[in-house]
Amino acid sequence: MTTIPATPGPATTAPATTDPTPPAPRRRLADRFAGGTGSRWFPYVLVFPLALVLFGYVVQPMFATFAESVGVDGWENYGTFLTGDGVARSALVTSLVISAASVVLCGIVGVAMAFLLKRFSFPGRRLIEAIILVPAALPPLIGAISFQLLYSETGILPRGLQHLFGTAEPVLPFSGIAGVLVVHTFTMYPFFYLSASAALGGMDPSVEEAAYNLGAGRIRVWRTVLLPMLTPALVSASLLVFMTSLASYTAPLLFGVDQTMTMQIYINRTNGDLPMASTYASVLGVVSILFLLGMRWYEGRRSYRSQSKGVAAHRREVTNPLGRWLALVASLLATAVLLAPVATIALVAFSQDGSWTTEVVPAAYTTKNFVTIFSDPDAFEPILNSLQMSLIATVGCVVFGVLVAYAVRRLNFRGRGLLDVAVMLAWALPGTVVAINLISAFSTGNAFSLGQVLIGTFWIMPLAYFVRFLPLVFRSSSATLAQIDPSLEEAARNLGASWWRAFGTVTLRLMLPGVLAGALLAFVHGVGEFVASVLIYTSETAPISVEINNRMYSFEIGTAAAYGMLQVILIFVVMVVSGRLESGRRSTREAAQWTA
Amino acid sequence: GGGDDAGGSASAEKLTIYTARDKKVATYVVDQFTAKYPEYKGKVEILNLGAQEILERVRAEKANPQADVWWGGTQQGLAAAATEDLLAPIQPAFAAKMDPKYKDPEGRWFGEILLPEVIMYNNKALTPEQAPKDWDDLIKPEWKDKIIIRDVAASGTMRSIYASMIQRLSPDGSNPEPGYEWLRKLDANTGSYTANPTDLYLKMSRQQGVVSAWNLQDILLQANQANMPFGYVMPASGAPVLIDGLAAVKGGNTTGAQKFLEFLFDDKLRADLAKDYFQIPAVDIAEKPEWLAQLQLKPMDVDWDVVGKHETEWINHWNSQIKNKG
Amino acid sequence: MIDVTLESVSKRFARGGDAAAVDQVDISIAAGEFFTLLGPSGCGKTTTLRMVAGFYFPTSGRIRFGAEDVTHRPPNKRDTGMVFQNYALFPHMTVAQNVAYGLKIRKVGRAESKRRVEEALGQVHLAGYGHRRIDELSGGQQQRVALARALVIRPRTLLLDEPLSNLDAKLREETRLEIRRIQREAGTTSIYVTHDQAEAMAMSDRIAVMQAGRVQQIGAPQEIYHRPATSFVARFIGRSNVLSLPVVAAAEETVTVRLPGGAEVAAPAPAGHGLREGGTALVSVRPEHIGLTSATDPDALPGQVTDVEFTGMATNLVVDVAGEPVQVAAIDVPAGVAVGDQVGLRLVRDRMWVVRP
Amino acid sequence: MIDVTLESVSKRFARGGDAAAVDQVDISIAAGEFFTLLGPSGCGKTTTLRMVAGFYFPTSGRIRFGAEDVTHRPPNKRDTGMVFQNYALFPHMTVAQNVAYGLKIRKVGRAESKRRVEEALGQVHLAGYGHRRIDELSGGQQQRVALARALVIRPRTLLLDEPLSNLDAKLREETRLEIRRIQREAGTTSIYVTHDQAEAMAMSDRIAVMQAGRVQQIGAPQEIYHRPATSFVARFIGRSNVLSLPVVAAAEETVTVRLPGGAEVAAPAPAGHGLREGGTALVSVRPEHIGLTSATDPDALPGQVTDVEFTGMATNLVVDVAGEPVQVAAIDVPAGVAVGDQVGLRLVRDRMWVVRP
Ligand SMILES: Nc1ncnc2c1ncn2[C@@H]1O[C@H](COP(=O)(O)OP(=O)(O)OP(=O)(O)O)[C@@H](O)[C@H]1O
Ligand SMILES: Nc1ncnc2c1ncn2[C@@H]1O[C@H](COP(=O)(O)OP(=O)(O)OP(=O)(O)O)[C@@H](O)[C@H]1O
Ligand SMILES: [Mg+2]
Ligand SMILES: [Mg+2]
């Protein structure tokens, strides 16, 4: 037994320090990679394939787009964004205003819903949980139309109120930007709802108790503790909503707000002014990146993971019966509002063509539209196609999204921020741009496509969905990961688990709510995807959205609505199943504990 | 898909068609086609896309074209594609009897149908007598907020109508001001712009507005097949007539494409399409259906070259300076 | 004046098995009193504290602050400052923000707040750590932040759930004195949970000893130590040898028992002990009240050393007396006493005490 | 045989201020040794342990297991079982699943695994809690699960970061013995972090005392207690009075100093103490090596009692001797000694020890 001299003086400086770089024992290569997170190479091994994909299909085409925008007229196009009088600037401003307002509105609605459903237990809670994603599942065109049928000047609600109050004009019609915001709020609040509810479930409840104990009232606790603790989730949702709104096309189109970035891109393409369209697309990308960087900074200032010792239970108990009733009333209202667009679509699907003009509700009904679909042997194919392709894409998104989220949050390597930006860029760019990039990449075999020509094959579609919807899984996984104490993974490693095993059995398991939320979003969006699909689908891979669109353009609204109904039902089934999957048992119990 | 006919000859049988035609029309035509040429049975693939999407797609696929036939596109779109060297020149039999102004001189695209742009009105809300009679009636104060317009910038149809209105007042296109003034008044009367045709039909039928400008074929289709309460007026000063055309895509199965295009101009088929789908063919046909025979088409004299040169500028100006300003 | 009252409070958990986590607990705590809950791990201390703080509602029973029934009052209306056993720090705030949180809610001015936060951090020896993030602190430092956060608001009632468990002896002692000082100055009623019995003894006005959800004894430290009510308390507080001895004679406040060696001793006993001649008494003797003599001492219990443990101040021995292990704490052990040696034990008679089972 | 070696290991945190959290630490631990890290809160104990476990890489220096350099070896290849200071229990698993996790990874058969899990839970007194969810346990119970999880895999090296801090004295003692037994049986090298000095004294083969990231002294418990190297160690281990006294004469292993009363004493000193006549020696005397006599005793230091604290076994007094507070721990205090009384103190001369500053 040696006793090391206790004096840490210079005299006893160990000889080892004279050789600061001892000959590193040659480690086997396999060792290095097996080294997991410990290995310096590990992060690169993990993210390299993805970085390649992203670079090939998102970053590099983005640069190409940018190059195109400055190719002909130099920087002149960008000048129009700075000078006050052009459409460009007002389009940018309008887009920004709409996006910011959408973020705020969706945040309020989504977080409120999450709070209601995760913190209270009341009759019908499970049902609402199942229909909560339905608005996001509305097919874009039909969805927007159903909102018009509901809330516009000629909509059911304003006309109904008009009849009710006997006023001369329809009551409370939505139009213009207000209309766009209504649609955005309806269709995008699930981003907030899903991520906030995943985060609420993963939060350390004792932190909340501490705030109450220090005298904070409920609202104050929300403002100063819960919301800040939900920051990663809120940031994730804000990013998604902001970028979606920025790239939103149908809603501004339908409500006639044409001074938006996406409308201008479309118009300029129609004009044949490709450089200008590219300029808009580039500005869109830049704005998104700036927003992303801002959010990253904001989030990175603080830590959100529990520092508590041990595991605290969800223990707060609410006995206030008033709260229960309020929750019930609020939820009934929410159900009505949530289901209204679907009901409208159902109404359309079951109404006879031309039988619904100035009436509040249609005058004549028929099942003809459904008969048409079910009697056509090929009619089911789009549905199956969509299911299959989104499923494949979702699986890919989950595998990659989770790993990249892990890499960006937990590993230290060069280019972490770039990777984050690259992933999100795919979400910020209009779908058309992504699709066109993919076509150019895969219509001939090149390095990025590994020499494969994918255009005209089945695989281009799932690939496009994958690239487009990866950010959804990535973001929400990343948000839940921010809450998880890394020492749990360390404990698993310490008990002998390899990185993969520790990741699978502990980290991933704890991330699951967020991953599932992202996967659901990806799947739902995959089923509804249109803008990219329409450019790359083949007759065998026509998705449901293309089918709906074709029916819409040939003004078979009824049939289109019937398809829309089927799509909604499909999503509904998926929601119910996944609700069961996501240990519905647990969430119910948690909520139940709150109301004990 | 048509992915492996890149070489052109290897699988000459396969035929991929990008069409902006209604799915029913496309299916009907292709069924007739394969009935006549059984060797194509199961070899024809149709993709339904918007005209703009076809252009985008053909452009993006330039390196490895997937399509053989481009069926349904505006004159402008086809011309642009021709300039970008995306289309294959062909010399089909019907080219000879076609009016030169309906086709590309080099045979890279051909007009298929004519789309007269007329005044549409809701015939439940207005009697034929009450409906406006000419373009200039539209800017009268009595129609304030009663007009609905399919949003212009994104619609080929509407762009052409609006550009014609300007060119009408300035034949050489040098002074668009009177046209702008006219459109400003129209804008003042316009209650709302709609996002797409469906939206237009819905709003018209629900009487959010009662008058619009739209193409004749769709008005007739909606009225006759979808029970929509629509009627039309042939403007006294004439209707701008658009050409909707087709082409063979360069690098595709040109032989098959030519065969298909030839078939499209089959006299019997044209007559059927005219009867059932209210199409006005770009070539003369023997058997005209009743509506076509009765149609007193009065084409407006539009110089499409002038329009083509200025359209972007004019529409951009309208979009940024006139729209929604009244 | 009674400040906090628990009236036969019970708490059962849905999935806590058959037993109640807290079972019919009756406690009254005087205003300004420093009251300690002591008991083995899992006996219900935290649960009790959490009911006082308002995070659990009792399954039955009531809780009063003064005369007011607060059983169902929300936690933020109770003005209690709690140090959570698991700290429950706000991870998204810096150390200073954590400590300032309660002050902000109490609308204390900026300057005043800053001053008090700095003072509180100084009290827990964390001056200069104000700007740190919580995850950049060591475990003990985190615990001290939790303590500072509760102390700084000067609440009406302090609830301290093992607030010093992760501190070293030195710091623990200092902090303990600091807590006591602050508590005395403000006259704050305090309920303290600790596992350190010396700490409990040193700090508390009164102690409640709990076991399996039930209160075994409530009393001043000396009383609990010297006159434990039950053998559990005797064994749990400090260490004690509880010997089962035949009763030779029983008086009002003494019970005479026969020791294994044959000698008879009159051990003090609580009034109403209910023992009779011929019965068996449980007699508690503390290890430090047993002297070590030679094996040949006729007055001593003879035994054999089975374990020797050096603890710094004293040496702990386990001596086997007629098959029963007896613990002895000797300050100055004759050098060379080792496992296997024969020794004699002398019990300090008036420090013996008869306990209930 | 040396099993774990830290060779001038340092660790700096990016945002940890100027000072290194661990600073040039050199430690060698023999195979099967029970080695304890002792030191004030925030001195770098956890950081050291985490480097051994492989969660931090040292900023400089190397770590060896036996002859192998493991400085950068991934944690799962180190076969260490760690009890985390914050437990780090898997919240999604039951108690039994938590404990079984390491066994599953080691591919231990189902039956065997079940047996061992039950055994381990028994060892930490949690038999029957296997099916519980972690959040349904009390703080101390969670800590015991963390302990069981590390013990059950019988690792090559045990790293215990305050594994008993939330347990009551009784249970702590039992568990401590249990750990020692398991550790001895398997010959597991163990590194133990504790704040409880009595525990450290009782359990450890050797102790390293750390302060502010540096090792102050490494040695056997008795050595550290009786012959502390520095005044920090003297004061930190147990309690000690470190008196600054003028040196009257200095020999190889004794230093004669003058007490405040005027008496001169020869205090034992470490070799190479480097003190000269006329200098000032720091002399450490433990409170329990000071006897309490009457104020009139001519051999005693006269002083005034300023504090009396009852701790169960002993009574702690603070006596003011010529302006300096001297701590005294007396086992049997003459009844009635109270604050303000004049008393005399007698130092046990051969228990004095000269220390470095
Ligand atoms: N992530 C970090 N960033 C910056 N400083 C840190 C970080 N982790 C620990 N420190 C600092 O390093 C020092 C040593 O921390 P360590 O956790 O090793 O202390 P410890 O000896 O285990 O203390 P305790 O007994 O309180 O647990 C402390 O001063 C702490 O504030
Ligand atoms: N949410 C819960 N569900 C079920 N049982 C629980 C729950 N919380 C605590 N218990 C049980 O109730 C008992 C009392 O728990 P409590 O936390 O009050 O113990 P404690 O005295 O604070 O223990 P410790 O000293 O270990 O912290 C324990 O046996 C514990 O297992
Ligand atoms: Mg507890
Ligand atoms: Mg520590």
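**Basis.** I note that the model is predicted, that local features need pLDDT of at least 70, and that side-chain atom pairs count only at pLDDT 80 or more, while totals for chains, interfaces and linings use all residues. Residues are numbered from 1 along each chain as written, chains are lettered from A and ligands numbered from 1 in written order, and side-chain values use heavy atoms, without hydrogens and water.

**Metal site.** I looked up the magnesium ion (ligand 3) and found it coordinated by T46(C) through OG1 and Q85(C) through OE1, at 1.8 to 2.1 Å. Donors are N, O and S atoms within 2.8 Å of the metal (3.2 Å for Na, K and Ca); water is not among the atoms, so the site may look incomplete. T46(C) lies in helix α1 (residues 45-53) and Q85(C) in the loop between β6 (80-83) and α2 (95-105), 39 residues apart. Helices (H or I, at least four residues) and strands (E, at least two) are DSSP runs, numbered from the N terminus.

**Domains.** I read the bounds of chain C as domain 1 (4-231) and domain 2 (239-355), which come from an automatic or database assignment. Their centres, taken over C-alpha atoms, are 37 Å apart.

**Interface.** I found eight residues of domain 1 of chain C in contact with nine of domain 2 of chain C, where contact means heavy atoms within 4.5 Å. Helix α7 (residues 221-226) gives the largest share of the domain 1 side, three residues.
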